[in-house]
Amino acid sequence: MPKSQFIDPDKIRQKGEIVFQPIPVNQYSKSLSEERENFSDEDLVRIYHDMLLIREFETMLNLIKTTGEYRGIAYNHPGPAHLSIGQEAAAVGMAYNLGSDDYIFGSHRSHGEILAKGLSAIHWSDDKSLGKIMKSYFDRAIYDIVAKDHDSSVKELAKKFLVYGTLAEIFARETGFNKGLGGSMHAFFTPFGVYPNNAIVGGSGDISVGAALFKKVNRKKGIVVANIGDASMACGPVWEGIAFATMDQFTELWEGDMKGGLPLIINIMNNHYGMGGQTSGETMGYGMAARIGAGVNRDQMHAERIDGMNPLAVIDAYKRKIKVLEEKRGPVLLDTVTYRYSGHSPSDASSYRSKEEMEAWQKHDCIYNFRRELIDNNITDEDSLRLIDGEVNDLVLDMFKMVIDDDISPRMDLDKDTDLIGEVIFSDGSVNAMEQGEPEVLISLKDNPRVQQIARKERYAFDSDGKPYSKMKQYQLRDGIFEAVIDRFYKDPTLIAFGEENRDWGGAFAVYRGLTEALPYNRLFNSPISEGAIVGAAIGYAMCGGRVIPEIMYCDFLGRSGDEVFNQLPKWQAMSGNIIKMPVVLRVSVGSKYGAQHSQDWTSIVAHIPGLKVVFPATPYDAKGMMNAALQGTDPVVFFESQRIYDIGEQFHKEGVPEGYYEIPLGEPDIKREGSDITILTIGATLYRALEAADILQDKYSIGAEIIDARSLVPFNYEPVLESVKKTGRILLTGDASERGSFMNDMARNITGLAFDHLDAPAVVVGSRNWITPAYELEDYFFPQPDWIIDAIHTRILPLEGHAVKNDFSDKGKIERAKRGI
Amino acid sequence: MATQIKMPRQGQSVESCIITKLYIEEGNEVKEGDLLFAYETDKASFEYESEQDGVLLKWLFNEGDEVPVLETVCIVGVEKEEDEVVQAWIRRSTPSGPRQQGESDPRQQDDIPLSRHKVGTSPLKGGSKISPRARKLAEVKGIDIRSVKGSGPGGRIIVRDLEGAEKAEPVLITTADSDEYSEEPLTNIRKIIAKSVYQSLQNSAQLTHHLGADARKLMAARKKIKKAKGNKGYVNITINDLVCFAVIKALAEHPRVNSQLHGETLRLFRHVNLGTAVDTERGLMVPVIKHADSLSIEEFSKRAAALSVQCRSGAVDPDILRPEAGSFTVSNLGNYGVEMFTPVINLPQTAILGVNTIVLRPADLGDGVYGFVPYIGLSLTYDHRALDGGEATRFLKRVAEEVENIEIK
């Protein structure tokens with residue numbers, strides 16, 4: 001695509017071979033005595049302490065799940081607990097060199113990582129910043145609990161804070177790190193660089209890429225580590241994340257200090273099992289997971305298999321790999337060998353592995369062996385270690401007691417405030433720029449060729465005689481989106497956009513034409529064909545505090561980013577107790593004329609998922625105003641655009657689309673034409689077909705239709721619609737989504753319930769057929785047409801004098817089709 | 001002029017009655033006081049007395065038929081030439097099929113729709129369908145939907161069908177528009193109100209006492225309330241709310257006033273079910289606030305305001321509009337400047353308090369100083385059959401005292 005990269009057929013057709021380099025496996029061989037020059041005694045003892053704390057914490061949870069009590073105190077925890085007993089060295093080693101600026105993402109089995117990273121962050125922080133972090137988190141909610149009766153150092157207090165906050169979160173307390181909304185599998189604490197753990201296997205695989213992208217593009221300190229499992233190497237998001245993270249363009253096209261690879265380590269915590277499926281030997285083919293690096297890029301992702309049972313081996317590997325990242329040669333793939341004694345989950349009877357295997361690994365236990373080494377090398381003695389054992393046990397027991405006390409650690413009181421969880425679903429923020437600073441741009445706005453071209457266009461579609469200007473002269477819907485997007489690029493330095501064919505091509509539908517000239521690669525670039533990673537990376541980028549516009553070229557491709565759109569994007573604000581914001585505006589283009597897999601309207605599927613705002617403007621004025629509002633907000637917005645009307649002019653706003661900045665609040669429908677005999681509510685491009693129908697109704701039957709353009713699906717203000725229905729008594733809804741299970745049906749049911757006594761007929765929905773979308777030539781049989789609207793009115797609301805019906809909207813037809821599932 | 005004789009409604013929950021005996025044959029003379037027919041509910045039997053002289057023109061039901069309440073049972077007219085008018089009426093009431101000329105026996109029309117246009121009655125059993133909007137419109141306009149042909153899907157009666165029906169109103173009452181005047185038939189609501197007030201005045205011994213109460217504290221309280229506007233939890237407590245509250249307190253000490261008269265029994269209520277008159281476009285409505293004595297002034301005020309809105313929009317629960325639902329009523333004409341009036345009791349209640357406007361009167365302020373003091377007029381109409389003048393006056397005085405001593409926190 002970039003013309004600078006000439007594809008030379010002579011070179012391409014040349015004979016040769018691809019050569020692979022050996023991938024190191026467990027090459028670390030230093031003894032503890034050799035390492036004493038790199039570590040102080042305190043450091044080594046600290047490593048022991050941290051591993052032990054994790055062990056005791058996980059053991060406590062294991063006892064609670066299996067016996068219902070811990071050290072004589074009874075407690076029932078019905079929720080999940082995926083424990084990592086045995087994997088402590090891998091976690092502590094990983095975290096040892098990382099500070100608060102380094103972010104880790106994890107999986108469902110990440111308690112150990114949370115504690116290890118937290119302890120490391122505490123070690124590297126000073127008392128003042130620790131105090132600030134603890135006191136400002138949820139307004140001292142956790143600080144006040146653990147600080148009461150605390151009489152030693154700030155760092156000791158911070159440890160209590162860490163253990164309490166994590167455990168309280170696991171036990172669903174409102175005083176947990178995420179108010180109890182995340183739980184065991186999603187707990188995290190961003191001030192220590194512990195970013196969300198993902199219960200969806202491999203979920204962090206592409207999200208972490210976005211976080212690394214954020215660090216790079218915004219010139220932030222620190223690296224990103226994704227701790228995922230060996231079985232997650234089968235997952236789409238992980239492969240797509242790897243594809244995204246290893247794009248050539250980082251080193252070949254990005255310029256200046258942006259040139260170079262992402263600061264990302266993909267750390268496979270290889271404990272040899274998925275839930276029970278054994279990866280090496282049964283469900284995967286790689287033998288050793290590090291092999292994967294060889295297939296990805298020339299650097300083979302600097303892949304290594306390292307001995308995760310020895311904390312010092314892990315620390316050594318990280319030291320070397322962090323240097324690789326600092327030299328901008330990332331990303332890195334690490335295959336960390338480890339083992340878990342605990343089952344996958346409390347219900348795991350470990351039928352998939354033998355007792356001999358578990359016993360064999362227990363002989364290699366990382367804590368037992370490290371402890372022995374400390375004593376054998378005279379770094380410390382048995383008594384001192386026993387002291388530490390005691391401290392760790394006390395810490396866990398004390399925090400356990402506080403967490404299970406309902407008075408100290410209550411749960412959210414949904415009896416008192418039934419809407420409590422509702423409050424955190426959206427942040428409803430209004431933020432000009434996610435960070436202060438000068439946005440990086442290549443030319444001034446007025447020098448932009450597209451801006452200049454738009455300046456010559458007519459911002460209202462009709463001239464003073466009411467004649468429409470030519471399409472070329474009209475300011476189009478795509479121009480409205482462009483103006484809002486480029487305006488924000490010049491305001492918010494964190495804003496970036498990416499998707500397929502975004503740069504150079506200007507987007508498949510020319511929305512972005514002119515942006516390539518204005519922005520460097522690091523703010524606008526082409527992603528791989530990885531819809532999952534497109535959305536996933538955007539999520540990670542936004543989690544770190546950046547605003548981002550990912551694009552899905554065709555609505556039909558949403559399925560490819562299913563997990564990211566349905567399970568990740570809508571949920572992190574709520575699961576974090578609103579600590580994390582999600583300023584993502586996901587642009588989705590709804591096709592037509594392109595057949596079964598390129599013409600579907602899936603707005604209804606997206607609108608069904610709680611946590612997403614969903615909009616579908618149909619005019620240039622609405623598109624610009626709503627894109628401005630979406631980009632001003634801090635919530636995830638799925639912004640639908642219809643390819644049918646990218647080129648439509650502004651037919652309603654007589655003053656023309658304003659040149660300056662304005663917002664249209666999301667959730668407000670708009671009356672496009674007034675009438676008193678029937679209300680027609682439209683979603684998306686059917687607005688124009690409804691207007692055609694309205695003309696026919698007026699001319700032939702003297703019926704005045706009031707056309708309301710929904711503009712938004714979620715949120716949605718019913719009041720103007722109800723006012724209209726009170727006036728007319730009749731309502732018909734239409735949109736391009738297939739009628740069954742459509743959002744129109746949701747609206748129709750709501751309107752019927754809210755305006756029942758004012759209705760002269762039940763609400764009627766005219767959607768697309770419940771079929772595949774046919775070829776262009778047959779489209780009019782699939783998507784709603786003006787005569788369908790008239791026929792539906794005649795059959796179901798108000799029989800029209802002299803009208804002959806062509807389309808079947810009868811009860812009988814409906815029942816028959818429903819029986820056949822079409 | 002022919003009269004439709006309708007099946008009476010003998011109680012709140014009675015939906016229909018069975019005709020047990022027809023006493024007069026078609027074509028025979030009827031005298032006032034004659035028994036026309038006998039009917040029964042599942043609890044009791046009754047007989048229907050004619051209220052006029054005339055000729056029994058048509059029976060619409062047979063002995064043994066179950067007739068929904070307020071349905072027309074027969075037609076009593078003056079002379080036989082009214083036949084045509086009656087026939088027109090009967091023809092119009094058939095829901096489908098071609099218009100029949102000459103005699104048509106309505107008793108053979110067994111699909112006469114059992115519709116009613118009273119608020120809150122049960123849905124149609126068989127017969128024509130009607131949209132909620134059209135049903136409401138028909139009620140308000142007093143259109144008999146049995147006479148309307150539905151043109152909506154499936155023969156549903158829809159709003160536009162009523163536009164035609166309105167114009168084709170029955171010719172029972174001759175509309176003779178002329179230069180000198182125009183005529184319009186009374187709506188159902190008007191008819192109901194007319195009957196109610198007429199019967200109240202005819203069937204009781206009502207008289208009214210007027211008394212003024214010093215309104216200074218009342219006005220101060222209202223001023224204090226208005227000052228708090230904009231504060232959290234602000235409730236717009238009106239003068240009327242405050243007076244009602246005073247009434248409720250006074251009724252606690254005069255329980256005989258908080259009562260209904262049923263024949264020779266005085267029903268004394270343990271709680272105050274206060275009716276508050278609301279003026280709406282469609283006519284006067286008196287929704288009742290049940291157990292008003294257990295509400296705080298804020299709760300009372302909010303409830304009264306809400307009911308007022310509901311009445312005006314037509315969304316009020318019809319059960320609380322019945323006079324039987326209340327144990328006392330307050331009617332306020334103070335906003336209109338009325339200084340004194342004689343409100344009509346909602347039978348079977350025994351009294352009603354009219355609230356008048358505030359006027360300034362000279363009064364002795366003490367030590368020979370005279371000044372103008374605002375007084376609010378209170379007009380209590382009571383039924384002398386149930387209450388004596390002394391008792392009523394003592395109650396009225398108590399209300400005045402409560403008003404004069406109003407304190408708002």
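This is a predicted model: local features need pLDDT of at least 70, side-chain atom pairs count only at pLDDT 80 or more; totals for chains, interfaces and linings use all residues.
1. How much area do chain B and chain A bury between them, and what percentage of it is on carbon and sulfur atoms? The two chains bury about 1000 Å² between them, with 48% of it on carbon and sulfur atoms, where buried area is the accessible area (1.4 Å probe) that two parts lose on being put together, summed over both. In chain B, the residues that lose the most area to chain A are B:P132, B:R133 and B:P153, which together make up 52% of what that side buries.

2. Residues are numbered from 1 along each chain as its sequence is written, chains are lettered from A and ligands numbered from 1 in the order in which they are written, and side-chain values use heavy atoms, with hydrogens and water left out.

3. Returning to the interface, the contact (heavy atoms within 4.5 Å) takes 12 residues from chain B and 18 residues from chain A. Between chain B and chain A the count is 0 salt bridges, a salt bridge being a side-chain nitrogen of Lys or Arg within 4 Å of a carboxyl oxygen of Asp or Glu.

4. On the side of chain B that touches chain A, α2 (132–141) and α3 (159–167) of chain B each supply at least two residues, where helices (H or I, at least four residues) and strands (E, at least two) are DSSP runs numbered from the N terminus. The largest share of that side, 4 residues, comes from α2(B).

5. Over all chains, a search of the whole structure finds 64 salt bridges. In helix α3 (residues 41–67) of chain A, A:R46 and A:D43 lie 3 residues apart, about one turn of the helix, and their side chains meet in a salt bridge (3.5 Å, N to O). Both of these residues are buried, buried meaning under 20% relative accessible area, exposed over 50% and partly exposed in between (1.4 Å probe, protein chains only).

6. A second salt bridge joins the side chains of A:E641 and A:R587 (2.7 Å, N to O). This pair links distant parts of the chain, with A:E641 in strand β14 (residues 637–642) of chain A and A:R587 in strand β12 (residues 585–590) of chain A, 54 residues apart. Both A:E641 and A:R587 are buried.

7. In chain B, the closest N and O atoms of the salt bridge between B:R322 and B:E324 are 3.9 Å apart. B:R322 is partly exposed at 27% relative accessible area, and B:E324 is partly exposed at 41%.

8. A:Y70, in strand β1 (residues 69–70) of chain A, counts as buried because its relative accessible area is 1%. Its side chain makes a polar contact with the side chain of A:E56 (2.6 Å).

Technical notes: A polar contact is a pair of N or O atoms within 3.5 Å; within protein, one must be able to donate a hydrogen and the other to accept it, and residues adjacent in sequence count only if both atoms are side-chain atoms.
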